[in-house]
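Colleague: Please show me how to read a few features of this model, giving the general idea before the particular case.

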Amino acid sequence: MTDNKLIFLKSAFSEYDIQFSGDFTQAILVNPFYEENVTVYYYDDDDFTPFCVCFSFQHCHLMDQEDVIEWINQIIAGSKFAIEFFKNGQNCFGSEIDSKELLDLSYEKLEQLTGYYGLTRLLSIVDTFKIRGWNNQHNFDATFVCEDNGHILIKKL
C-alpha cells in the first residue's frame, strides 16, 4: 500500500472536508464558501519540490509540509488571492496577490507587481483580470478602461 504523504492535511485542516485520491498523490480541500477548492499534489519523483498546491488559477511548487500548510492558511485567511490576466478571453499569465495590495489597487500598481511597465506596458498584453479568494465575497472580474487623457482605470465588472 502506498504511503499517504498528504495525510498531514487532515490534522492541519481538520475543520474542512479533505478528499484523497486512491493512490494518495492528490488531496482536495473542499471550500465550503465557493466552488474553488485547494488541491494538493505529491510527486514522489521530485526530490526538491514534491508538493504542488493549486487554488483557482494559481499554483506553486513547495518543498515541505510546513510550506504547504502556510500557503493554504494564507489562502483560507484571505491574506493571499489568486490573480489571472486575460487578453480577449484567453489566459495570459497569473500569480498571487496579497490582500494589502488589493486595498488601493490601480493599473499602475498592477504594472509594478507584474513587472510589465515601461516599454512593454501591461495593457499591451492583457485587457482583463480576475481576483479569486477562498471566501468569494472578495472575488471580482475587472477590465481596463483608457480615458481620453491617457489615464488607465480599473473597472470592476
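**Cysteines and the sheet**

Modeller: Cys-60 is buried at a relative accessible area of 13%, where buried means under 20%, exposed over 50% and partly exposed in between (1.4 Å probe, protein chains only). The model is predicted, so local features need pLDDT of at least 70 and side-chain atom pairs pLDDT 80 or more, whereas totals for chains, interfaces and linings use all residues. Residues are numbered from 1 along each chain as its sequence is written, and side-chain values use heavy atoms, leaving out hydrogens and water.

Colleague: How many disulfides does a search of the whole structure find?

Modeller: A disulfide is a pair of cysteine sulfur atoms within 2.5 Å, and the search of the whole structure returns zero. Cys-54 has its closest cysteine sulfur in Cys-52, at 4.0 Å, which is too far for a bond. For Cys-60, the nearest cysteine sulfur is likewise that of Cys-52, 7.1 Å away. Cys-54 is buried too, with a relative accessible area of 19%.

Colleague: What is the order of the strands in the open sheet?

Modeller: Strands of a sheet pair through backbone hydrogen bonds, either parallel or antiparallel. Here five strands (DSSP runs of E, at least two residues; pairing needs at least two bridges) are ordered E1-E2-E3-E4-E5 with antiparallel pairing. Strand E1 (18-20) and strand E5 (58-62) are the edges, each pairing on one side only. Between strand E3 (residues 38-42) and strand E4 (residues 51-55), which run antiparallel, there are five bridges; in one of them, Val-40 has Val-53 of E4 as its partner.

Key
Helix = DSSP H or I, 4+ residues; strand = E, 2+ residues; numbered from the N terminus.
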